[in-house]
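Please read the briefing below alongside the sequence and the 3D structure.

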Amino acid sequence: MFAVTATEIDPDNPLAGLTLGEHPEPEVPDGWTTVTVRAASLNHHDLWTLKGVGIRQDRLPIVLGGDAAGVDEDGNEVIVHSVIGSGADETLDPKRSLLSEKYDGTFAERVAVPRRNLVPKPAALSFEEAACLPTAWLTAYRMLFDKADLEPGSTVLVQGAGGGVATALITLGRAGGYRVWATSRSEEKRARALGLGADQVFESGARLPERVDAVMETVGQATWDHSLKALRPGGRIVVSGATSGAVPPADLNRVFFLQLSVVGSTMGTRDQLGRLARFLEQTGARPVIDRTLPLTGAREGFAAMHEGDVFGKIVFTGAG
(Lines give C-alpha, C1' and ligand atoms only; values in the text may rest on other atoms or scores of the structure.)
Protein backbone atom coordinates (compact mmCIF):
# COMPACT_ATOMS: atom_id res chain seq x y z
CA MET A 1 0.00 0.00 0.00
CA PHE A 2 1.07 3.64 -0.42
CA ALA A 3 2.30 5.36 2.76
CA VAL A 4 4.27 8.35 4.05
CA THR A 5 7.04 7.18 6.37
CA ALA A 6 9.91 8.46 8.47
CA THR A 7 13.04 6.62 7.39
CA GLU A 8 15.77 8.83 8.84
CA ILE A 9 16.14 11.31 11.70
CA ASP A 10 17.66 14.70 10.93
CA PRO A 11 17.04 17.53 13.45
CA ASP A 12 18.38 20.17 11.06
CA ASN A 13 16.72 18.96 7.85
CA PRO A 14 13.69 16.91 8.89
CA LEU A 15 12.27 16.58 5.39
CA ALA A 16 15.36 14.59 4.39
CA GLY A 17 13.94 11.56 6.22
CA LEU A 18 10.45 11.85 4.71
CA THR A 19 9.78 8.95 2.31
CA LEU A 20 6.74 8.43 0.09
CA GLY A 21 6.11 5.06 -1.51
CA GLU A 22 5.07 1.45 -1.02
CA HIS A 23 4.88 0.03 2.52
CA PRO A 24 3.72 -3.36 3.87
CA GLU A 25 0.08 -3.78 4.83
CA PRO A 26 -0.58 -3.23 8.56
CA GLU A 27 -0.40 -6.14 10.98
CA VAL A 28 -3.60 -6.55 13.01
CA PRO A 29 -3.16 -7.81 16.62
CA ASP A 30 -6.03 -9.40 18.55
CA GLY A 31 -8.64 -6.79 19.48
CA TRP A 32 -7.53 -4.49 16.68
CA THR A 33 -9.08 -3.72 13.30
CA THR A 34 -8.20 -1.83 10.15
CA VAL A 35 -9.58 1.45 8.86
CA THR A 36 -9.45 2.51 5.23
CA VAL A 37 -8.22 6.08 5.49
CA ARG A 38 -10.24 8.70 3.61
CA ALA A 39 -8.53 11.75 5.15
CA ALA A 40 -5.67 12.38 7.58
CA SER A 41 -4.39 15.64 9.06
CA LEU A 42 -0.86 16.83 9.71
CA ASN A 43 0.41 17.81 13.17
CA HIS A 44 3.65 19.22 14.54
CA HIS A 45 4.15 15.79 16.13
CA ASP A 46 4.76 14.40 12.64
CA LEU A 47 7.45 16.98 11.95
CA TRP A 48 9.03 16.41 15.38
CA THR A 49 9.24 12.67 14.65
CA LEU A 50 11.41 13.47 11.63
CA LYS A 51 13.60 15.55 13.97
CA GLY A 52 13.96 12.62 16.38
CA VAL A 53 11.76 14.01 19.17
CA GLY A 54 10.22 11.12 21.12
CA ILE A 55 11.52 8.41 18.81
CA ARG A 56 14.80 6.59 18.14
CA GLN A 57 16.38 5.64 14.84
CA ASP A 58 15.92 1.92 15.61
CA ARG A 59 12.12 2.35 15.45
CA LEU A 60 12.30 3.48 11.84
CA PRO A 61 10.88 3.13 9.29
CA ILE A 62 7.47 4.01 10.70
CA VAL A 63 4.33 5.35 9.02
CA LEU A 64 3.69 8.92 10.13
CA GLY A 65 0.35 10.43 11.10
CA GLY A 66 -1.87 10.31 14.16
CA ASP A 67 -5.19 11.72 12.95
CA ALA A 68 -7.57 10.12 10.48
CA ALA A 69 -11.16 9.54 9.47
CA GLY A 70 -12.25 6.69 7.30
CA VAL A 71 -14.29 3.51 6.97
CA ASP A 72 -13.91 0.48 9.24
CA GLU A 73 -14.14 -3.18 8.20
CA ASP A 74 -17.93 -3.15 8.72
CA GLY A 75 -18.46 -0.14 6.46
CA ASN A 76 -18.96 2.37 9.29
CA GLU A 77 -17.66 5.92 8.94
CA VAL A 78 -15.33 6.52 11.90
CA ILE A 79 -12.81 8.88 13.46
CA VAL A 80 -9.57 7.36 14.76
CA HIS A 81 -8.50 8.25 18.30
CA SER A 82 -4.72 8.14 18.22
CA VAL A 83 -3.88 7.52 21.90
CA ILE A 84 -3.06 3.84 22.39
CA GLY A 85 -3.57 2.97 26.03
CA SER A 86 -5.85 1.31 28.57
CA GLY A 87 -8.16 2.38 31.38
CA ALA A 88 -11.07 4.80 31.50
CA ASP A 89 -8.68 7.65 30.69
CA GLU A 90 -6.07 6.24 28.34
CA THR A 91 -4.08 9.48 28.51
CA LEU A 92 -3.15 8.61 32.11
CA ASP A 93 -1.81 5.16 31.23
CA PRO A 94 1.97 5.31 31.88
CA LYS A 95 2.48 2.90 28.98
CA ARG A 96 0.39 4.92 26.53
CA SER A 97 1.69 5.88 23.11
CA LEU A 98 0.44 7.68 20.05
CA LEU A 99 0.02 6.27 16.58
CA SER A 100 3.33 6.76 14.71
CA GLU A 101 5.39 6.37 17.91
CA LYS A 102 5.29 2.61 18.48
CA TYR A 103 2.71 1.60 15.90
CA ASP A 104 2.38 2.69 12.27
CA GLY A 105 0.32 5.84 11.81
CA THR A 106 -2.44 7.11 9.56
CA PHE A 107 -0.62 8.50 6.49
CA ALA A 108 -1.38 5.37 4.50
CA GLU A 109 -4.15 3.63 2.62
CA ARG A 110 -5.00 1.61 5.73
CA VAL A 111 -4.16 1.81 9.42
CA ALA A 112 -4.52 -0.78 12.20
CA VAL A 113 -5.95 0.47 15.51
CA PRO A 114 -7.60 -1.00 18.61
CA ARG A 115 -11.35 -1.34 18.12
CA ARG A 116 -11.90 0.83 21.22
CA ASN A 117 -10.17 3.71 19.42
CA LEU A 118 -12.92 4.14 16.83
CA VAL A 119 -15.48 6.93 17.28
CA PRO A 120 -18.55 7.22 15.01
CA LYS A 121 -18.21 10.08 12.54
CA PRO A 122 -21.31 12.30 12.44
CA ALA A 123 -22.77 12.47 8.95
CA ALA A 124 -22.71 16.27 9.18
CA LEU A 125 -18.89 16.27 9.20
CA SER A 126 -16.86 15.59 6.08
CA PHE A 127 -13.98 13.13 6.28
CA GLU A 128 -11.59 16.08 5.93
CA GLU A 129 -13.19 17.95 8.84
CA ALA A 130 -13.36 14.84 11.01
CA ALA A 131 -9.68 14.09 10.41
CA CYS A 132 -8.76 17.40 12.06
CA LEU A 133 -10.29 16.49 15.42
CA PRO A 134 -8.19 13.85 17.25
CA THR A 135 -5.11 15.94 18.09
CA ALA A 136 -5.41 19.72 17.63
CA TRP A 137 -9.14 20.06 18.09
CA LEU A 138 -9.38 17.55 20.92
CA THR A 139 -6.52 19.32 22.70
CA ALA A 140 -8.33 22.65 22.31
CA TYR A 141 -11.62 21.12 23.48
CA ARG A 142 -9.98 19.74 26.62
CA MET A 143 -8.15 23.01 27.30
CA LEU A 144 -11.33 25.09 27.13
CA PHE A 145 -14.06 22.87 28.50
CA ASP A 146 -12.13 20.65 30.93
CA LYS A 147 -9.01 22.37 32.23
CA ALA A 148 -9.95 26.06 32.05
CA ASP A 149 -13.04 25.69 34.30
CA LEU A 150 -14.74 28.78 32.86
CA GLU A 151 -18.32 30.01 32.83
CA PRO A 152 -19.92 31.21 29.57
CA GLY A 153 -19.16 34.87 29.03
CA SER A 154 -15.63 34.59 30.42
CA THR A 155 -12.77 36.25 28.55
CA VAL A 156 -10.17 33.92 27.05
CA LEU A 157 -6.86 34.98 25.50
CA VAL A 158 -5.48 32.70 22.77
CA GLN A 159 -1.76 33.22 22.22
CA GLY A 160 -0.34 32.81 18.72
CA ALA A 161 -3.42 32.64 16.49
CA GLY A 162 -2.76 30.63 13.35
CA GLY A 163 -1.89 27.05 14.25
CA GLY A 164 -4.27 24.12 14.41
CA VAL A 165 -4.82 24.30 18.18
CA ALA A 166 -5.12 28.09 18.21
CA THR A 167 -7.69 28.24 15.41
CA ALA A 168 -9.62 25.46 17.16
CA LEU A 169 -9.55 27.43 20.44
CA ILE A 170 -10.97 30.52 18.74
CA THR A 171 -13.73 28.59 16.96
CA LEU A 172 -14.68 26.44 19.96
CA GLY A 173 -14.48 29.38 22.37
CA ARG A 174 -16.84 31.41 20.24
CA ALA A 175 -19.26 28.49 19.92
CA GLY A 176 -19.04 27.87 23.68
CA GLY A 177 -20.09 31.39 24.63
CA TYR A 178 -16.73 32.87 25.63
CA ARG A 179 -15.36 36.29 24.71
CA VAL A 180 -12.25 35.36 22.76
CA TRP A 181 -9.18 37.55 22.28
CA ALA A 182 -6.22 36.43 20.19
CA THR A 183 -2.65 37.55 19.52
CA SER A 184 -0.33 37.15 16.57
CA ARG A 185 2.79 38.78 15.16
CA SER A 186 1.16 38.59 11.72
CA GLU A 187 -1.34 41.25 10.65
CA GLU A 188 -2.83 38.78 8.18
CA LYS A 189 -3.34 36.11 10.85
CA ARG A 190 -4.90 38.66 13.20
CA ALA A 191 -7.39 39.57 10.47
CA ARG A 192 -8.18 35.92 9.83
CA ALA A 193 -8.67 35.33 13.57
CA LEU A 194 -11.33 38.05 13.55
CA GLY A 195 -12.97 36.23 10.66
CA LEU A 196 -13.08 33.06 12.76
CA GLY A 197 -14.98 34.84 15.51
CA ALA A 198 -12.36 36.39 17.79
CA ASP A 199 -13.86 39.46 19.48
CA GLN A 200 -10.57 41.37 19.47
CA VAL A 201 -7.04 40.73 18.20
CA PHE A 202 -3.74 42.20 19.32
CA GLU A 203 -0.10 42.19 18.34
CA SER A 204 1.94 39.74 20.36
CA GLY A 205 2.87 41.26 23.69
CA ALA A 206 0.47 44.20 23.39
CA ARG A 207 -1.13 45.74 26.45
CA LEU A 208 -4.70 44.46 26.78
CA PRO A 209 -7.78 46.54 27.68
CA GLU A 210 -8.28 44.45 30.81
CA ARG A 211 -7.03 41.26 32.38
CA VAL A 212 -8.54 37.99 31.23
CA ASP A 213 -10.04 34.99 32.99
CA ALA A 214 -7.85 32.44 31.24
CA VAL A 215 -4.97 32.22 28.78
CA MET A 216 -4.59 29.38 26.31
CA GLU A 217 -0.81 28.95 25.99
CA THR A 218 0.72 26.86 23.21
CA VAL A 219 3.63 29.13 22.24
CA GLY A 220 5.90 29.03 25.30
CA GLN A 221 8.93 31.21 25.80
CA ALA A 222 7.97 33.96 23.36
CA THR A 223 4.61 34.67 25.03
CA TRP A 224 4.98 33.34 28.57
CA ASP A 225 5.65 36.67 30.33
CA HIS A 226 2.75 38.30 28.50
CA SER A 227 0.47 35.41 29.47
CA LEU A 228 1.27 35.96 33.15
CA LYS A 229 0.70 39.72 32.93
CA ALA A 230 -2.59 39.25 31.06
CA LEU A 231 -4.30 37.20 33.79
CA ARG A 232 -6.58 38.54 36.49
CA PRO A 233 -5.87 37.39 40.08
CA GLY A 234 -7.07 33.80 40.32
CA GLY A 235 -7.03 33.42 36.55
CA ARG A 236 -5.78 30.29 34.90
CA ILE A 237 -3.16 29.53 32.26
CA VAL A 238 -3.81 26.31 30.38
CA VAL A 239 -0.59 25.04 28.80
CA SER A 240 -0.31 22.60 25.93
CA GLY A 241 3.06 22.49 24.27
CA ALA A 242 5.58 25.21 23.51
CA THR A 243 6.37 25.87 19.87
CA SER A 244 8.81 28.72 20.59
CA GLY A 245 10.90 26.99 23.23
CA ALA A 246 10.53 25.81 26.80
CA VAL A 247 8.65 27.99 29.26
CA PRO A 248 11.21 30.05 31.24
CA PRO A 249 11.28 30.34 35.05
CA ALA A 250 8.21 32.17 36.30
CA ASP A 251 7.88 35.21 38.54
CA LEU A 252 6.71 33.39 41.67
CA ASN A 253 5.24 36.55 43.19
CA ARG A 254 2.89 36.75 40.22
CA VAL A 255 2.22 33.02 39.84
CA PHE A 256 1.17 32.74 43.50
CA PHE A 257 -2.16 34.33 42.58
CA LEU A 258 -2.69 32.27 39.43
CA GLN A 259 -3.47 28.70 38.48
CA LEU A 260 -1.60 26.57 35.98
CA SER A 261 -3.15 23.61 34.19
CA VAL A 262 -1.01 21.49 31.88
CA VAL A 263 -2.78 19.47 29.19
CA GLY A 264 0.38 18.05 27.63
CA SER A 265 0.55 16.36 24.25
CA THR A 266 -1.84 13.47 24.88
CA MET A 267 -4.96 15.32 23.75
CA GLY A 268 -8.02 13.83 25.45
CA THR A 269 -9.95 10.61 25.86
CA ARG A 270 -11.93 8.67 23.31
CA ASP A 271 -15.14 9.73 25.08
CA GLN A 272 -14.11 13.39 24.85
CA LEU A 273 -13.44 12.93 21.13
CA GLY A 274 -16.99 11.63 20.73
CA ARG A 275 -18.39 14.63 22.63
CA LEU A 276 -16.30 17.02 20.54
CA ALA A 277 -17.71 15.52 17.34
CA ARG A 278 -21.26 15.93 18.69
CA PHE A 279 -20.48 19.52 19.77
CA LEU A 280 -19.50 20.41 16.21
CA GLU A 281 -22.57 18.64 14.86
CA GLN A 282 -24.84 20.61 17.21
CA THR A 283 -23.22 24.04 16.92
CA GLY A 284 -22.18 24.08 13.28
CA ALA A 285 -18.59 24.96 14.22
CA ARG A 286 -16.07 23.48 11.80
CA PRO A 287 -12.29 23.07 11.61
CA VAL A 288 -10.28 25.59 9.63
CA ILE A 289 -8.51 23.75 6.82
CA ASP A 290 -5.54 25.62 5.40
CA ARG A 291 -5.16 23.29 2.42
CA THR A 292 -6.12 19.82 1.24
CA LEU A 293 -3.49 17.78 -0.59
CA PRO A 294 -3.37 14.26 -2.02
CA LEU A 295 -1.28 11.95 0.14
CA THR A 296 1.14 11.71 -2.76
CA GLY A 297 1.75 15.46 -2.27
CA ALA A 298 2.46 15.18 1.45
CA ARG A 299 5.94 16.68 1.09
CA GLU A 300 4.36 20.04 0.23
CA GLY A 301 2.33 19.96 3.42
CA PHE A 302 5.32 19.06 5.58
CA ALA A 303 7.35 21.87 3.98
CA ALA A 304 4.59 24.42 4.70
CA MET A 305 4.42 23.39 8.35
CA HIS A 306 8.21 23.45 8.66
CA GLU A 307 8.23 27.02 7.29
CA GLY A 308 5.31 28.15 9.49
CA ASP A 309 3.18 28.90 6.44
CA VAL A 310 -0.06 27.51 7.89
CA PHE A 311 -3.36 28.88 9.18
CA GLY A 312 -5.45 26.02 10.51
CA LYS A 313 -4.97 22.41 9.47
CA ILE A 314 -3.30 20.65 6.54
CA VAL A 315 -5.26 17.60 5.39
CA PHE A 316 -4.17 14.70 3.16
CA THR A 317 -6.71 12.76 1.12
CA GLY A 318 -6.82 10.08 -1.52
CA ALA A 319 -4.94 7.39 0.37
CA GLY A 320 -7.73 4.90 0.46
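In which hand, left or right, does α3 pass α4 at their crossing? α3 passes α4 in a right-handed crossing, meaning that the near helix is turned clockwise from the far one by less than a right angle. This is a predicted model, in which local features need pLDDT of at least 70 and side-chain atom pairs count only at pLDDT 80 or more, while totals for chains, interfaces and linings use all residues. Residues are numbered from 1 along each chain as its sequence is written, and side-chain values use heavy atoms, with hydrogens and water left out.

**Packing of α3 with α4**
- The axes of helix α3 (residues 133-147) and helix α4 (residues 164-175) come within 8 Å and cross at roughly 50°, which makes α3 oblique to α4.
- The contact (heavy atoms within 4.5 Å) involves residues of α3 including Ala136, Trp137 and Tyr141, and residues of α4 including Val165, Ala168 and Leu172.
- The residues of this contact of α3 with α4 divide into 11 nonpolar, 4 polar and no charged.

**Packing of α3 with α8**
- The axes of α3 and helix α8 (residues 270-283) come within 10 Å and cross at roughly 90°, and that makes α3 roughly perpendicular to α8, a term used for angles of 65 to 115 degrees.
- Among the residues that meet are Leu133, Trp137 and Tyr141 in α3 and Leu273, Leu276 and Leu280 in α8.
- The contact of α3 with α8 divides into 11 nonpolar, 1 polar and 3 charged residues.

**Packing of α1 with α9**
- Helix α1 (residues 44-51) and helix α9 (residues 298-307) have axes that come within 10 Å and cross at roughly 90°, and the two helices are therefore roughly perpendicular to each other.
- His44, Asp46, Leu47, Leu50 and Lys51 of α1 make the contact with Phe302, Met305 and His306 of α9, and these residues divide into 4 nonpolar, 2 polar and 2 charged.

**Start and end of α5**
- At the start of helix α5 (residues 187-196), a side-chain oxygen of Ser186 reaches to within 3.3 Å of the backbone nitrogen of Glu188.
- Just after α5, Gly197 takes a positive phi of about 125°.

**Salt bridges**
- The whole structure holds 15 salt bridges, each being a side-chain nitrogen of Lys or Arg within 4 Å of a carboxyl oxygen of Asp or Glu.
- One of them joins the side chains of Lys121 and Glu77 (3.1 Å, N to O), linking distant parts of the chain, with Lys121 in the loop between β10 (118-120) and α2 (127-130) and Glu77 in strand β6 (residues 77-80), 44 residues apart.

Conventions:
Axes are lines fitted to C-alpha atoms, for helices over the stretch in contact, and angles run from 0 to 180 degrees between N-to-C directions. Helices (H or I, at least four residues) and strands (E, at least two) are DSSP runs, numbered from the N terminus. Angles under 35 degrees count as roughly parallel, over 145 as roughly antiparallel, 65 to 115 as roughly perpendicular and the rest as oblique. Ala, Val, Leu, Ile, Met, Phe, Trp, Tyr, Cys and Pro count as nonpolar, Asp, Glu, Lys and Arg as charged, and the others, Gly among them, as polar. A polar contact is a pair of N or O atoms within 3.5 Å; within protein, one must be able to donate a hydrogen and the other to accept it, and residues adjacent in sequence count only if both atoms are side-chain atoms.
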